[in-house]
Amino acid sequence: MKKQSGFTLIELAIVLVIIGLLLGGVLKGQELINSARVKNLASDFRNTQVYVYGYQDRFRVIPGDDRGAGPRFASPAQVASNGTQNGVIEGSWFEPANTAESCVFWQHVRLAGFAAGKSAIADINCSNGNEYMPRNAEGGVVGIQGVTDFNSTLALTGANAMIGSFVVCSALIRGSLAKQLDTLLDDGDTAAGSVRVYRSGSSTWATTLSITGPEDSAQYNVCMAF
């Protein structure tokens, strides 16, 4: 009768240790990837603030809202429209009209050399699939608008209203990354503070979106007021 051979306990232990190390390496690698992605997403918010303050410091007016943009940038590209210069970036952050200040904002900061991207009037296309506006690491649109209109659109009133002059929003961000973003940029509570999270496609703010509210795999809009 042939004697059957098998693994010893030591051999099995070694195999299990190797498997554990491999799984740990995979999980750690995924954690590093997500961390890098969150930092990339955070840079969109910070860079947009730099665009606003840099433009304001140089020209003493808000990009998009700049009434003198036409004469200032007459060459080499034509400016889509002049702003009202009332201190507000008018228009929605998402899919604004091509002549809205929230769309022209991107042309102004590009013509001024603060941001990269197309700046010719023929290339402006914010309202049709957001082809003109920048994209984040998740493929969603990055936009800006006045905080008052934003609060009104999402019914944010009283103590729940966003505070500041402008709000930068970044679309289609997974819930797991949205929570990390809020922790990195604000207070870690997705329903309070200067950074808020709401479900993509929602027309009203959901006050139940606390730090544990967003589902990790669902997509959300992350917005930061400043």
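This is a predicted model: local features need pLDDT of at least 70, side-chain atom pairs count only at pLDDT 80 or more; totals for chains, interfaces and linings use all residues.
Residues are numbered from 1 along each chain as its sequence is written, and side-chain values use heavy atoms, with hydrogens and water left out.

I will begin with strand 2, residues 166-174; helices (H or I, at least four residues) and strands (E, at least two) are DSSP runs, numbered from the N terminus. Seven of the nine residues in strand 2 are buried, so this strand is largely enclosed by the rest of the structure, where buried means under 20% relative accessible area, exposed over 50%, and partly exposed in between, with a 1.4 Å probe and protein chains only.

Which strands pair with strand 2? Strand 1, residues 142-146, runs antiparallel to strand 2 and is joined to it by five bridges, and strand 4, residues 219-225, is also antiparallel to strand 2, with six bridges between them; two strands pair if DSSP finds at least two bridges between them.

Turning to the helices, the buried residues of helix 5, residues 175-185, are Gly175, Leu177, Ala178, Leu181, Asp182 and Leu185. They cover an arc of only 155 degrees around the axis, which puts them on the same side of helix 5, the arc being that of the directions from the helix axis to the C-beta atoms.

In helix 3 we find Gln107, which is buried, with a relative accessible area of 0%. A polar atom of the Gln107 side chain lies 2.8 Å from the backbone oxygen of Ser119.

Arg60, in the loop between helix 1 (9-59) and helix 2 (69-72), has a positive phi of about 60 degrees although it is not a glycine, and Arg60 is exposed, with a relative accessible area of 63%. Gln85, in the loop between helix 2 and helix 3 (101-111), is likewise a residue other than glycine with a positive phi, near 55 degrees. Is Gln85 buried or partly exposed? With a relative accessible area of 35%, Gln85 is partly exposed.

How values were computed:
A polar contact is a pair of N or O atoms within 3.5 Å; within protein, one must be able to donate a hydrogen and the other to accept it, and residues adjacent in sequence count only if both atoms are side-chain atoms.
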